[in-house]
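Hi,

Here is the structure I said I would pass on.

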Amino acid sequence: MSNVLPFRPRPTVTRLARCEVVTVAGDLLALLEQLEDVSARAAAMGRPALEVERTVQHLLDAVSAVERALDCIGEGEQVAPA
């Protein structure tokens, strides 16, 4: 009697992976909205101009990074599965 079991991929793995991609994309979109809101509020702070400018620039850099992450997720759909 052999104790080696044949590997059989579960059909739900692909579906779960797609659900996870959708969940991550949704979280990134929510984060993007929050960063844009915080950027607008930071721009209206009554702080020294240089401090506000740097703060807003860093927040805009974060917005760009989140947008690039969303682009990567979107491009992943076009790649053929390995």
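The accessible surface of the protein chain is about 7,000 Å², and carbon and sulfur atoms hold 60% of that. Areas here were worked out with the Shrake-Rupley method and a 1.4 Å probe, and for residues only the protein chains shown count as cover. Before you read on: this is a predicted model, in which local features need pLDDT of at least 70 and side-chain atom pairs count only at pLDDT 80 or more, while totals for chains, interfaces and linings use all residues. Numbering runs from 1 along each chain as its sequence is written, and side-chain values use heavy atoms, with hydrogens and water left out.

On to the fold. The chain has two helices and zero strands, where helices (H or I, at least four residues) and strands (E, at least two) are DSSP runs numbered from the N terminus. Of the 82 residues in the chain, 15% are buried; buried is under 20% relative accessible area, exposed is over 50%, and partly exposed is in between (1.4 Å probe, protein chains only). Looking at contacts (heavy atoms within 4.5 Å), residues 24 or more positions apart make up 61% of those with a separation of 6 or more.

A few residues show how the pieces meet. Serine 39 sits in helix α1 and counts as buried because its relative accessibility is 7%. Setting aside neighbours within four places in sequence, serine 39 contacts Val56, Leu59 and Leu60. Leucine 31 is also in helix α1, but is partly exposed at 37%. In the loop between α1 and α2 you will find methionine 45, which is partly exposed with a relative accessible area of 32%. If residues up to four places away in sequence are not counted, methionine 45 touches Val52 and Thr55.

Now the charges. How many salt bridges are there? The count is two, taking a salt bridge as a side-chain nitrogen of Lys or Arg within 4 Å of a carboxyl oxygen of Asp or Glu. Arginine 41 is exposed at 52%, while aspartate 37 is partly exposed at 41%. The other bridge joins glutamate 51 and arginine 47 at 2.9 Å, N to O. Glutamate 51 is partly exposed at 32%, and so is arginine 47, at 48%.

There is also a negative surface patch, made up of Glu33, Glu36, Glu67, Asp71 and Glu75. Patch members have over 30% relative accessible area and no salt bridge, with like charges joined within 9 Å and nonpolar side chains (Val, Leu, Ile, Met, Phe, Trp, Tyr) within 5 Å. Lys and Arg count as positive and Asp and Glu as negative, with His and the chain ends not counted; each charge is placed at NZ of Lys, CZ of Arg, CG of Asp or CD of Glu. Helices α1 (12–43) and α2 (49–76) each supply at least two residues of the patch, and α2 has the largest share, with three. Aspartate 71, for one, is in helix α2 and counts as partly exposed because its relative accessibility is 49%.

Cheers
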